[in-house]
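Please read them alongside the coordinates.

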Amino acid sequence: MRAACPLCGAEPSHTVGPVFSGATRTLLRRRSFEEQLFRCREGHIYSVRTERERVSVEPHESVEDWLERKTGVEPPERPPGL
């Protein structure tokens, strides 16, 4: 799903990276979603997340900013014994 930039309203010029697929859990069921990064002609980076029929658009400072929100700032700790 392509959407206009939330900061300037320009159409996306190209995608940034592959589609990120995942699932959110509620108490009784899982809902799958797809999220993709776009860059508009003005250079803004934003994500478009599609979950069922709902589409949400969120601006980001950079690809690294988006990645930090997905994975966290600190690297995951290794389990004991590995």
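1. In this predicted model, E35 is buried, with a relative accessible area of 5%, where buried means under 20% relative accessible area, exposed over 50% and partly exposed in between, for a 1.4 Å probe and protein chains only. E35 is found in strand β2, residues 30-40; strands (E, at least two residues) and helices (H or I, at least four) are DSSP runs numbered from the N terminus.

2. The side chain of E35 makes a polar contact with the side chain of W66 at 3.0 Å, a polar contact being a pair of N or O atoms within 3.5 Å, of which, within protein, one must be able to donate a hydrogen and the other to accept it, while residues adjacent in sequence count only if both atoms are side-chain atoms. Leaving aside residues up to four places away in sequence, E35 touches P18, V19, F20, S47, V48, R49, W66 and K70, with contact meaning heavy atoms within 4.5 Å.

3. V48 also belongs to the largest nonpolar core, whose seven residues are A3, C5, A10, F38, C40, Y46 and V48. Strands β2 and β3 (45-51) are the elements that give two or more residues to this core. Such a core is a set of buried Ala, Val, Leu, Ile, Met, Phe, Trp, Tyr and Cys residues joined through side-chain atoms within 4.5 Å.

4. Overall, the protein has one helix and four strands, running β-β-β-β-α from the N terminus on, and buried residues make up 23% of its 82 residues.

5. On conventions, residues are numbered from 1 along each chain as its sequence is written, and side-chain values use heavy atoms, with hydrogens and water left out. Local features need pLDDT of at least 70 and side-chain atom pairs count only at pLDDT 80 or more, whereas totals for chains, interfaces and linings use all residues.
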